[in-house]
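Hello,

Here is the structure I promised to hand over. Please open it first, then read on for what turned up.

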Amino acid sequence: MTANRFDFLRLLFAFCVFVFHAWALAGIAPFGDLETQLGVLAEISIQGFFIVSGALVLGSLDRSASLEEYAEKRVRRLYPAYAVVVITPAVISGFLTGWAAPVAVAKYLTANLVFLNFLAPDLPGLFEGRRFTEVNGALWTLKIEVMFYIALPVIAQVLRLFGKAWWVGLLLLYSGGVAWSMGMPMLLDHELAPEIARQLPGQMAFFASGMALWQLWDTAKAKPGMFGLVGAFLLALSFAHPLAEFLRAAGLAGLIACAAFAPGPRLDAARFGDVSYGLYITHFPILQGMIMLGLFASFGFALSIAISTFTVLLASLLLWHLVEKPALRRDSHYRKVSEAA
């Protein structure tokens with residue numbers, strides 16, 4: 001489990017999403033070519049997150065002695081930091097408005113603490129009048145992650161019923177995800193169709209590709225170059241024609257396997273703390289706050305992104321040491337890596 005670069009890849013994916021959100025939230029040349037390109041990069045990064053989750057969470061399930069242990073590990077890793085990131089803006093909103101809108105704050109807390117961010121994305125007194133008013137527009141993926149965590153034990157049990165045809169079951173899972181994501185916009189004549197398409201099971205092809213990577217773990221470690229070549233070819237095809245988009249998850253999984261296991265330095269990104277999760281869940285409200293205070297308007301994008309990067313990394317480190325690490329089990333991989341640094 002330790003001889004790979006998955007920690008670095010997750011940190012890289014989180015940073016790519018951060019850069020896209022910084023550009024989009026600041027409203028610099030909105031909807032221009034660069035924003036579109038950064039948006040594609042952020043989308044690929046999120047899909048990469050799902051692939052890595054598919055591999056590592058299936059591995060966590062396989063190593064767990066019981067479903068209770070598996071659930072405990074998932075809750076400990078995800079929820080304490082998530083709750084802090086949800087509650088903190090609500091408290092700030094309350095103080096800014098003198099607690100003049102308690103119902104709105106309560107609605108926000110109720111919805112967001114159970115991962116239903118879309119029901120109440122805004123808070124009174126925060127980010128009103130901005131291009132995007134959401135408190136934390138990055139949290140929509142956490143709902144999908146949690147749904148996958150809940151579904152995985154059932155999926156794994158069903159796949160076991162396939163026996164030697166396990167891969168057939170996984171291919172059906174992959175195909176079902178692709179059918180949902182590509183078919184929903186065509187079948188549903190509604191403005192919400194693209195949003196529905198990107199929810200679970202629309203992302204299942206990426207989780208399934210990660211699950212396949214876990215099953216091929218030793219092969220990928222032995223032949224990362226082959227995985228990279230095949231992955232690059234499939235990923236290029238997925239962008240070459242819309243009908244080949246179904247190959248994207250498999251292609252991206254191959255490239256991730258190559259990057260994780262290729263010879264060279266380990267790039268141990270979790271040595272001083274696994275800050276990738278913290279970076280992902282804290283960057284959006286921090287960027288919103290800095291933009292609201294006029295940072296980007298006063299200092300320009302380059303200096304502002306440097307200040308924002310420092311602030312987000314500092315917040316992520318504090319979140320790791322004060323909340324995430326204490327909440328983890330003693331046998332957690334990330335806790336062991338951090339304590340060994």
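**Charges over rings**

Arg198 sits over the face of Trp140, 3.7 Å from the ring centre. Please keep in mind that this is a predicted model.

Which side chain of opposite charge is nearest to Arg248? That is Glu245, 4.1 Å away. A salt bridge needs the nitrogen within 4 Å of a carboxyl oxygen. Arg248 is therefore left without a salt bridge, although Arg248 is buried.

There is a polar partner, though. A polar atom of the Arg248 side chain lies 3.0 Å from the backbone oxygen of Ser238. Leaving out residues up to four places away in sequence, Arg248 touches Gln47, Tyr174, Phe206, Leu235, Ser238 and Phe239.

Ser238 belongs to helix α10 (residues 224-240). With 2% relative accessibility, Ser238 counts as buried. The side chain of Ser238 has a polar atom 2.6 Å from the backbone oxygen of Leu235. Beyond four places in sequence, the residues that Ser238 touches are Ala244, Glu245, Leu247 and Arg248.

Leu255 is also in helix α11. Is Leu255 buried or partly exposed? Its relative accessible area is 30%, so Leu255 is partly exposed. Leu255 and Leu235 are 20 residues apart along the chain, and their C-alpha atoms are separated by 8.6 Å. Leu255 touches Leu235, and also Phe227, Gly228, Gly231 and Ala232, again not counting residues up to four places away in sequence.

**Salt bridges**

Side chains of opposite charge can pair when their charged atoms come close. How many salt bridges does the structure have? The count comes to eleven.

One of them joins Arg131 and Glu35, with N to O at 3.0 Å. Arg131 lies in the loop between α4 (102-112) and α5 (140-161), while Glu35 is in helix α2, so the pair ties together parts that are 96 residues apart in sequence. Arg131 counts as partly exposed, at 28% relative accessibility. Glu35 counts as buried, at 8%.

Glu69 has two partners to look at. With Lys73, the closest N and O atoms are 3.9 Å apart. Both Glu69 and Lys73 lie in helix α3 (residues 67-97), four residues apart, or about one turn of the helix. Glu69 is buried at 18% relative accessibility. Lys73 is buried too, with a relative accessible area of 17%.

The other partner is Arg329, where the closest N and O atoms of the salt bridge are 3.7 Å apart. Why does this pair tie together parts that are 260 residues apart in sequence? Because Glu69 is in helix α3, while Arg329 is in the loop between α13 (295-327) and α14 (333-340). Through shared partners, salt bridges join Glu69, Glu72, Lys73, Arg76, Arg329 and Asp331 into one network.

**Aromatic pairs**

The structure holds 16 aromatic pairs. Among them is Phe49 with Tyr280: their ring centres are 5.4 Å apart and their planes are at 65°, so this pair is edge-to-face. Phe49 lies in helix α2 (residues 33-63) and Tyr280 in helix α12 (residues 276-292). The pair links distant parts of the chain, 231 residues apart. Are these two residues buried or exposed? Both Phe49 and Tyr280 are buried.

Ring pairs also build a cluster. Its members are Phe6, Trp214, Trp217 and Phe261.

**Where to look**

For a quick tour, start with Arg248, buried and without a salt bridge. Then go to the network that includes Glu69 and Arg329. Finish at Phe49 and Tyr280, the edge-to-face pair.

Best wishes

Technical notes: Residues numbered from 1 in each chain as written. Predicted model: local features only at pLDDT ≥ 70, side-chain atom pairs only at ≥ 80, totals over all residues. Heavy atoms only, no water. Buried < 20%, exposed > 50% of the residue type's maximum accessible area, 1.4 Å probe, protein only. Lys, Arg positive; Asp, Glu negative; His and termini not counted. Polar contact = N/O pair within 3.5 Å; in protein donor to acceptor, adjacent residues only side chain to side chain. Contact = heavy atoms within 4.5 Å. Phe/Tyr/Trp six-rings, centres within 6.5 Å; stacked < 30°, edge-to-face > 60°. Helix = DSSP H or I, 4+ residues; strand = E, 2+ residues; numbered from the N terminus. Lys NZ or Arg CZ within 6 Å of the ring centre and 35° of its normal.
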